[in-house]
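Colleague: Could you take me through this model before I plan my reading of it?

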Amino acid sequence: MKKKLKPKITVFHCINAINNCESLPVPYKSSFKLKSVKMACSGMVKDSFLLRAFEAGSDAVIVFVCPEGQCRYVEGNIRAKNRVNWVKKLLDEIEIGGKRLSIHNIANGDTEAAVHIIRQVLVDINELGPNPARHWNNY
């Protein structure tokens, strides 16, 4: 009997959008692994960080950014969006799948929206299956 994999989600988030992902009231938290990476600004997320999350076995990566026009660092959220879009194309090319990476504008402290997004990503992972890179690295 094959053991069902516990999905892994990595969340990169601007502290001005969501301060603490670990405390989000996501139902069935024990059924998946959530790794949170706090950043002073979403503009700090680099393509190598996103790719490394997949290499480490994440089934999905979420980037939470401030709403456009509300970044305290002028255009950090726009830089993050451009990087995410570039990495999504690369993930499609290497057959991991760009749908596994998403970026979302979140108003400061909107935990309800963040929980909804995480729940939807879990549904998407269920449809996509585990990250193909998991078996490359014997996860």
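Colleague: What pLDDT does the protein chain average?

Modeller: The average is 85, and 89% of the residues score at least 70; pLDDT is the predictor's confidence in each residue, from 0 to 100.

Colleague: Which element has the lowest mean pLDDT?

Modeller: Helix H4 (residues 133–136) does, with 68, while E4 has the highest, 95. Where pLDDT is low, the predicted coordinates should not be read in detail.

Colleague: In what order do the strands form the sheet?

Modeller: The order is E2-E1-E3-E4, in an open sheet of four strands with parallel pairing. The edge strands, each pairing on one side only, are E2 (33–39) and E4 (101–105). Helices (H or I, at least four residues) and strands (E, at least two) are DSSP runs, numbered from the N terminus, and two strands pair if DSSP finds at least two bridges between them.

Colleague: How many bridges join E1 to E2?

Modeller: Seven bridges join E2 to strand E1 (residues 8–14). Thr-10 stands opposite Lys-35 in E2.

Colleague: Which strands does helix H2 touch?

Modeller: Helix H2 (residues 76–93) packs on the sheet and touches E3 (60–65) and E4, its direction making about 160 degrees with that of E4. Contact means heavy atoms within 4.5 Å. Axes are lines fitted to C-alpha atoms, for helices over the stretch in contact, and angles run from 0 to 180 degrees between N-to-C directions.

Colleague: And which strands does helix H3 lie across?

Modeller: Helix H3 (residues 111–128) lies across E1, E3 and E4, at about 160 degrees to E3.

Colleague: Changing topic, which elements supply the lining of the second largest pocket?

Modeller: E1, E2 and helix H1 (47–55) each supply at least two residues. Thr-10 and Lys-35 are among the lining residues, as are Phe-49 and Arg-52. A pocket is an open set of points on a 1 Å grid over the protein atoms alone, where a 1.4 Å probe fits, with protein on both sides within 12 Å along at least five of seven lines; lining residues have an atom within 4 Å of a point.

Conventions:
Residues numbered from 1 in each chain as written. Predicted model: local features only at pLDDT ≥ 70, side-chain atom pairs only at ≥ 80, totals over all residues. Heavy atoms only, no water.
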